[in-house]
Amino acid sequence: MNVVRKWKRILAVGCSHGLHADPKALAAVLKFRDSYKPAHVVHLGDFIDTTAFRSGAKGSSDESEPVQPDVDGGLDFLEKLRPTLTLAGNHEARLWRLAKSPNAIIAHCATTVIGEIQDTCKSLKSEFVEYNGIYQGRMIGGYRFMHGVMFGENAIRDHAECFGNVVHAHTHRAGVAKGRREDNPTGYCVGTLTRRGAMEYASCRRSTLSWSGGFVWGEVTDNAAVLWLHEQPSNLAEWRLPS
């Protein structure tokens, strides 16, 4: 008996960061989503930047960064993207930590934003996965889709060696790397959808110069996947994508 695999299309993005998002990048992703019509659409987290909630924001200009435009921008993109799976990133995780703050005003603000996130995902019928560091993730087509936890020059390879086949965000550097293991795993990083130089708190880090826009797309079955990475050249303003 021949076993026929049913292949389904998939699209994965991440690190759009609310009010720091690049409008051209968002528009390109949404146009591709509508033309490609994937069955699985995944946002890998950091759809909101939560700039004012940063632990290092106190006493800096970030402390006065407006909260609502950031939240509205992030949730508006989710509503247009219509993800089937939404992961919280380390930036959204700040909200869950601060919801337990002894400062009642901060706790209330964080709890309110958490409610907006949960309500949005519920209305989209999108599975929402809270951030849980190395334990976070969902398996699709034999790949673990997660926000990501590691940084550094070899972060994609490190994710593959730690988790096996993996698609992650977090590092803002689109790329592909192989893990040095007997099972030959592959790691993909979707990059970022932010404007270059938009995040003041990252403007003095040399590694920020290596950030690049992108997303992962392809086809999956129950236990296999064929994936491709689009990495947007930094010198091109317009996104050129398959039609």
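Mentor: The chain is made up of five helices and 11 strands; these are DSSP runs numbered from the N terminus, with helices (H or I) of at least four residues and strands (E) of at least two. This is a predicted model, in which local features need pLDDT of at least 70, side-chain atom pairs count only at pLDDT 80 or more, and totals for chains, interfaces and linings use all residues. Residues are numbered from 1 along each chain as its sequence is written, and side-chain values use heavy atoms, leaving out hydrogens and water.

Trainee: What radius of gyration does the chain have?

Mentor: The radius is taken over C-alpha atoms, and the globule rule is 2.2 Å times the number of residues to the power 0.38. For 243 residues, a compact globule would have a value near 18 Å, and the chain agrees, with 18 Å. Along the principal axes, its C-alpha atoms fill a box of roughly 65 × 40 × 35 Å.

Trainee: How many of the 243 residues count as buried?

Mentor: Buried means under 20% relative accessible area, exposed over 50%, and partly exposed in between, with a 1.4 Å probe and protein chains only. Here 51% of the residues are buried.

Trainee: Where is Thr-50 found, and is Thr-50 buried or exposed?

Mentor: Thr-50 lies in the loop between β2 (40–43) and α2 (67–81). Thr-50 counts as buried because its relative accessible area is 2%.

Trainee: Which residues does Thr-50 touch?

Mentor: A contact means heavy atoms within 4.5 Å. Leaving aside residues up to four places away in sequence, Thr-50 touches Asp-70, His-91, Arg-94 and Leu-95.
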